[in-house]
Amino acid sequence: MSTTAVEATTGVNYLNAKYGIRSWLFTTDHKRIALLYLVSITFFFLIGGAAAVLMRLHLIEPQGALLEPATYNKMFSMHGIIMVFFFLIPSIPAVMGNFLVPMMVGARDLAFPRVNLLSWYIYILGGLFTLYAILAGGVDTGWTFYTPLSTTYANGQVMAAALGIFITGFSSILTGLNFVVTIHKMRAPGLTWFRLPLFIWAMYATSIIQILGTPVVAIAIVLVGLERLLHVGIFDPALGGDPILFQHLFWFYSHPAVYIMILPSMGVVSELITCFSKKRIFGYSFIAFSSVAIAVISFLVWGHHMFVSGQSVYAGLVFSALSFAVAIPSAIKVFNWTATLYKGSVSYQAPMLYALGFIGLFTMGGLTGLFLASLATDIHLHDTYFVIAHFHYIMVGGALMGYLGGLHFWWPKMTGRLYPDGWARFSALVIFIGFNLTFFPQFMLGYLGMPRRYAVYPPEFQVLNVMSSAGASILGVGYLIPLVYFIWSMRYGPVAGPNPWGAKGLEWETPSPPPTENFEELPIVEEEAYAYGVKEARVV
Amino acid sequence: MWFGFPIRPEQASTIAEGIDHLYYFLTAMDLFFTAIIFLTIFYFAIRYRRRSKAETAEQIEGSLPLEVAWTVIPLVLVVVTFVWSSSLFIRNSRPPTAATEVFVIGKQWMWQLQHPEGVREINELHVPVGRPIKLTMTSEDVIHDFFVPAFRVKKDVVPGRYTSLWFQATKTGSYHLFCGQYCGVNHALMRGEVVVMEPQDYERWLSGSKKAETMPAAGARLYEQYACITCHGTGKGPAFNDLYGSQVKLQDGKTVLADEEYLRESILFPSAKIVAGYDPIMPTFKGQLTEEQILQLLAYIKSLGATERKAAQE
């Protein structure tokens with residue numbers, strides 16, 4: 001009898017197989033590493049969130065209600081750096097990807113379990129540098145580190161923060177590498193590419209971006225360091241450099257990074273919509289290939305961040321056209337998700353509400369992107385609150401809704417327990433409403449001309465700012481509710497059973513929480529993804 | 001205004017209305033698609049809600065005609081938007097040839113503006129209504145951004161190079177000038193006003209203001225003071241007459257357009273491009289001239305005649 005068989009019969013699972021802090025810090029189990037990430041990114045989310053709270057409080061008054069301009073600048077820099085690099089980028093890949101990729105492809109672990117643990121340590125090391133930067137005085141360059149401000153003029157812990165991002169990038173690269181190899185080489189017999197859950201397609205596309213894009217931002221950071229510490233003239237024209245070069249390097253990564261944040265959510269939503277409609281996905285291959293298309297085009301649109309930088313009219317035209325092109329695969333996804341509901345058997349547990357919230361907010365975020373892809377309107381909207389609203393609709397309305405939806409969906413699998421569905425549905429609603437109240441007024445602020453990153457602002461913008469801050473307080477409550485009931489459920493939640501949602505997919509065919517080695521016997525797949533029409537799961 | 005609530009900034013330049021029309025079109029398209037998606041989801045959500053546990057859904061794999069439809073329709077719409085927006089953008093980026101040139105220098109955290117007549121302003125720019133104004137801008141330190149919402153114009157102000165934008169005000173009044181690009185501690189305080197005046201008021205304001213020399217005159221003085229004249233006035237170096245906007249033949253056989261960028265480089269890094277037929281004997285003036293002085297020299301060179309092919313092709 002194998003160890004897994006013993007575990008399955010005795011109720012031993014990955015959580016209780018071993019005890020003690022060492023069993024967590026030295027684990028190579030992808031599921032435990034996923035939980036290590038879950039705890040770490042939640043910690044960083046709370047710090048980044050606290051900065052946002054202070055910013056919204058401050059902006060209640062035109063002269064600033066709370067902070068010195070210098071402190072305010074540090075707040076938005078910290079908010080951006082932490083939320084982008086230490087929460088959103090690792091969120092779904094490192095937590096759900098780690099937990100689910102091996103289980104969804106029917107493997108016992110990722111291809112390189114020790115490299116996987118190494119990625120977490122690298123992430124933590126990068127996080128420590130960033131925390132040090134915050135505690136030792138902060139950074140006020142914004143998360144974009146534009147030169148020559150960051151290399152020559154900014155005071156503060158620029159190098160510590162930049163080093164933190166540089167280091168944590170390697171964690172991202174290694175995780176991507178691990179996923180790509182696992183998806184290529186470790187799929188269960190019978191699990192062909194077009195039988196893969198769309199979450200795997202999304203993770204695959206995301207991993208490609210992580211592997212190809214992250215080194216470029218790492219290079220940019222090294223160059224910033226060379227100039228800041230050794231005065232090598234790269235970006236600062238006073239030293240013979242070119243300040244715009246930095247923007248090319250930075251956005252070559254950081255635009256695709258937006259898709260690192262949103263593609264995984266799109267994968268999650270495909271899983272959720274099918275499960276709660278009890279239907280196969282509408283247009284499987286169109287959704288799969290639109291993920292790939294988005295990943296490819298994402299590398300060719302960075303110049304739309306530089307329409308007002310003085311780049312040539314022709315460059316502007318090309319980048320504008322390519323940015324518009326991203327709208328097509330995004331629209332295809334939204335239409336296919338919507339069509340999946342058609343003639344479904346639709347139920348509304350919490351994960352489904354998050355998924356529907358995702359579709360709504362992502363639709364609005366995507367459509368407002370057209371204003372910014374369009375050259376003539378972008379000239380006016382660039383660097384205003386319109387941009388802030390747009391990318392929060394994508395990265396918070398989209399990516400974070402998807403993350404929370406996924407967390408609610410797979411929480412019973414991860415912990416073996418159910419959370420109170422009523423509270424969860426309530427929080428989904430609060431977040432959806434709070435989010436719109438926070439960010440919709442910012443679209444209007446942007447068109448009226450309020451620039452971003454302003455610690456003080458002309459009084460005519462006050463009404464909309466107060467509305468936004470009021471909405472943010474609702475949004476903040478919405479985020480805290482799940483934190484409470486998730487923790488509660490770990491001890492007191494009802495036992496979930498292997499498949500509380502009646503979902504398809506290999507991860508649901510093993511006990512919750514799963515045994516250390518995931519499956520008693522490795523599965524053989526004989527059906528398509530989302531075969532909700534088939535009565536019995538055909539896994540031998 | 002919409003129920004007494006402003007939805008757009010004032011339209012105070014010739015291009016503002018065109019931008020707003022495109023904005024309204026995009027907003028309408030947005031609302032239309034958002035409504036379609038939301039209503040369809042709500043309809044399906046109610047119509048196909050699960051009524052019993054035993055219920056099974058009808059399995060549908062997809063539909064090629066639908067996929068084609070919702071690929072092609074958005075594609076057509078974005079192509080239309082792209083063409084509309086881009087043609088507007090191209091038109092808006094060409095300054096009229098008769099534009100009055102004002103020089104802008106951004107520095108942490110103030111705007112310095114110089115009229116060709118020699119009037120200098122800080123954080124305030126006075127312009128006459130109805131006359132095209134072209135700004136030639138540079139920065140002394142970090143990247144700033146010249147943003148006037150009421151004119152719908154914005155352009156980064158980049159150290160080490162010149163960027164430009166133009167506008168023609170249509171309405172008198174005072175309008176916000178913002179720094180749009182985050183530039184350090186007091187970024188939010190790097191604000192000013194553009195004051196648009198009736199032409200006769202403007203003339204009065206201009207004649208009442210304290211004037212330094214005109215820009216070309218100041219440049220001419222520097223031309224002698226820094227001894228540019230000893231070579232460029234004697235044939236040892238290339239002459240400046242009709243230089244601006246002309247094609248210059250270089251030693252390595254290439255030709256280059258004598259625009260602001262080229263002239264600036266030739267002053268600061270003279271050995272970067274050697275004009276054919278001259279020796280590379282010019283010393284650098286890097287660190288000796290301020291941004292303002294370089295602009296004055298450029299104004300002087302431009303005043304010595306510009307070739308027909310205008311360099312001002314941004």
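pLDDT is the predictor's confidence in each residue, from 0 to 100. The model discussed here is predicted, so local features need a pLDDT of at least 70 and side-chain atom pairs count only at pLDDT 80 or more, while totals for chains, interfaces and linings use all residues. Residues are numbered from 1 along each chain as its sequence is written, chains are lettered from A and ligands numbered from 1 in the order in which they are written, and side-chain values use heavy atoms, with hydrogens and water left out.

For the complex, the predictor reports an ipTM of 0.91 and a pTM of 0.91. Chain B has a mean pLDDT of 90, with 96% of its residues scoring at least 70. Where pLDDT is low, the predicted coordinates should not be read in detail.

Chain B carries seven helices and 12 strands. Its radius of gyration, taken over C-alpha atoms, is 27 Å, whereas a compact globule of 314 residues would come out near 20 Å (the rule being 2.2 Å times the number of residues to the power 0.38). The C-alpha trace of chain B spans about 95 × 50 × 40 Å along its principal axes.

In chain A, the axes of helix α5 (residues 113–135) and helix α7 (residues 158–185) come within 7 Å and cross at roughly 165°; axes are lines fitted to C-alpha atoms over the stretch in contact, with angles from 0 to 180 degrees between N-to-C directions. α5(A) and α7(A) are therefore roughly antiparallel (over 145 degrees). Residues meeting across this pair include A:F129 and A:Y132 in α5(A), and A:F170 and A:L174 in α7(A). The contact residues divide into 15 nonpolar, nine polar and no charged, with Ala, Val, Leu, Ile, Met, Phe, Trp, Tyr, Cys and Pro counted as nonpolar, Asp, Glu, Lys and Arg as charged, and the others, Gly among them, as polar.

Further along chain A, the axes of α11 (residues 313–341) and α12 (residues 350–373) come within 10 Å and cross at roughly 155°, which makes α11(A) roughly antiparallel to α12(A). The residues of this contact divide into 12 nonpolar, four polar and no charged.

Technical notes:
Helices (H or I, at least four residues) and strands (E, at least two) are DSSP runs, numbered from the N terminus. Angles under 35 degrees count as roughly parallel, over 145 as roughly antiparallel, 65 to 115 as roughly perpendicular and the rest as oblique. Contact means heavy atoms within 4.5 Å.
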